[in-house]
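Let me put the structure up, and then I'll walk you through a few spots in it.

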Amino acid sequence: AASDLRWVTPPPAGALRQALDLLQQLGAMQGDALTARGRAMLEWPTHPRLAHLLIEAQAVGGALPALAADVAALLDERDPLPRGSAAGVDLSLRVEALRAWRATGQSQHGADARALGRIERIAGLWRRQLNAQAGNGPVDPEEVARLIALAYPDRIARARARGSARYRMANGRGVRLPDGDGLNGFDWLAVAHLDDGSDEGRIHFAAPLREADLEALAVEHDVVGWDARKGALLAQRERRIGELVLSQRPLRDPPCEERTSTLCEAVRAEGLGLLTWTEATRQWQARMQSVRVWRGDPWPDVSDAGLLACLDDWLGPWLDSVSTRADFARLDTQTMLAALATRRQLAELDDLAPTHLSVPSGSSIRLEYFADGAAPVLAVKLQEMFGQADTPTINAGRTKVLLHLLSPAQRPIQVTQDLRSFWANTYPAVRKELRGRYNKHPWPEDPWTALPTRKTVKRARPS
């Protein structure tokens, strides 16, 4: 493996990853191991791309090895045609120029004879290794493209629109033809050389590619993803060359594990708001989280952050029937969350963090809990607490509630966790201020012994 090598200067991680990916595409490696094809490529004294091209052409036979020798030689040397030549970027026209020079000694398309001589010497070396005769016949541009695609499968390119000079390659990068180039208008190109422009690369060598030749290079992928625009699970079987999709069809039964993982990722991306949260569910969450704050492990973390971190555990088992946002909304969120707690914890929850407390008047008043473990609020009419000296508690007596003592108009008169102090020190001033304003409600001088009630004075008067 590359990580086992002792580098004088370690290569950039990104470049090393791209090189390993290329060797995988060329069949030279499988995982971290060299394949039989990879060992065969080592016998050819050239770049792995060209070695792959030559080996594949040799296996096909016929006229292809001779053409492969010419193409490999041209790709290994500088362009024999002058910059701005009418031949444009079409590599097949360079092959024509090489063959014409080899057959007649005459240059075509303004080719440099000395450059052609160097290219021919290299082509001759490849022909000897391929056991092939020189080919001087007509050049099929699509056969040239077929060979380029073998060496550069990551640079197979599709036009972004019909007739466009702009293309997208299999590796995802955008490239374009020079203005007015003769290859403009072809839907598919096999690109060999290009510049390293920051935005779109400029194509230097390419040839038009037959769609029929793409099938041999395509790989079938099952794609399962979440379409955020449609709010739906997307599952389809695609035939692809890198990032270019040749065809696709719906996938009726995507793998369960991949399906679940995709839906969980959709919730991570869009948030827990994909699910339905009633007030009761949010209060259940706050109660459970409060007990965790008060008592620590092993009480589960049901905070929003904690839930997003373990979606597979509590949400995953319920996703068999989910494919859309509407399906998410129909799930019972509280029932799913309960799976994170043990049976014992669920039973203890009602004791440690009850939803309601009984007050002296006999009323059962709902508590409001908070996920950060702050004291829950008991908002109760002041008159209903007459006769109680101490602040109510929960959590087995360890946590005092925060009393919001309300006026008859249901507005807080006092917020306190010390009811005894309120009766002794604050109540007399409250009584003086409010008994005239709310004269139908009892305001006894002695709240310690007064009868607690939620009624007015007339309705509360004994018969």
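Asparagine 131 is exposed, because its relative accessible area is 72%, and exposed here means over 50%, buried under 20%, partly exposed in between, with a 1.4 Å probe and protein chains only. It sits in the loop between helix H6 (113-130) and H7; helices are DSSP runs of H or I with at least four residues, strands are E runs of at least two, and both are numbered from the N terminus.

Quick housekeeping. This is a predicted model, where local features need pLDDT of at least 70 and side-chain atom pairs count only at pLDDT 80 or more, while totals for chains, interfaces and linings use all residues. Residues are numbered from 1 along each chain as its sequence is written, and side-chain values use heavy atoms, with hydrogens and water left out.

Now, asparagine 395. Phi is positive again, about 55 degrees, and again this is not a glycine. Is asparagine 395 buried or exposed? It counts as buried, because its relative accessibility is 2%. Asparagine 395 is placed in the loop between S14 and S15, and alanine 396 lies in that loop too. Alanine 396, though, is exposed, at a relative accessible area of 61%. Leaving aside neighbours within four places in sequence, alanine 396 is in contact with Arg295 and Leu352, contact being heavy atoms within 4.5 Å. Leucine 352 is 44 residues away from alanine 396 along the chain, yet their C-alpha atoms are separated by 5.9 Å.

On to helix H9, residues 279-295. Its 17 residues reach 24 Å from first C-alpha to last, close to the 24 Å expected at 1.5 Å a residue; the expected span is 1.5 Å times one less than the number of residues. Quite a list of H9 residues is buried, including Trp284, Met288, Val291 and Trp294. What do the buried residues of H9 pack against? The partners are helices H10 (304-309), H13 (333-337) and H14 (343-352), plus strands S12 (364-368), S14 (393-394) and S15 (399-400).

Let me zoom in on one residue there. Glutamine 285 lies in H9, and it counts as buried because its relative accessibility is 5%. Beyond its neighbours within four places in sequence, glutamine 285 touches Trp277, Val302, Ser303, Asp304 and Leu307.

Just after H9, glycine 296 has a positive phi of about 75 degrees. Then the peptide bond from aspartate 297 to proline 298 is cis, with omega near 10 degrees. Proline 298 is in the loop between H9 and H10.

Helix H15, residues 419-434, is another story. A straight helix of 16 residues would span 22 Å at 1.5 Å a residue, but H15 spans only 19 Å between its end C-alpha atoms. Where is the kink in H15? At threonine 426, about 60 degrees, shortly before proline 428; the bend is the angle between axes fitted to the seven residues ending there and the seven starting there. Among the buried residues of H15 are Phe422, Trp423 and Tyr427, and its buried residues pack against strands S16 (402-406) and S17 (412-416).

Last bit: pockets. The largest pocket has a volume of about 600 Å³. On a 1 Å grid over the protein atoms alone, a pocket is an open set of points where a 1.4 Å probe fits, with protein on both sides within 12 Å along at least five of seven lines, and lining residues have an atom within 4 Å of a point. Points are joined across faces, edges and corners, and the volume is the space filled by probe spheres set on them. Its lining has 22 residues, with Asp21, Gln25, Pro153, Asp154 and Gly242 nearest the centre. H1 gives the most to that lining, five residues. By class, the lining has twelve nonpolar, six polar and four charged residues; nonpolar is Ala, Val, Leu, Ile, Met, Phe, Trp, Tyr, Cys and Pro, charged is Asp, Glu, Lys and Arg, and the others, Gly among them, are polar.

The second largest pocket holds about 460 Å³. Of its 21 lining residues, Arg83, Gly84, Gly88, Val89 and His204 are closest to the centre. Strand S7, residues 201-208, gives the largest share of that lining, four residues.
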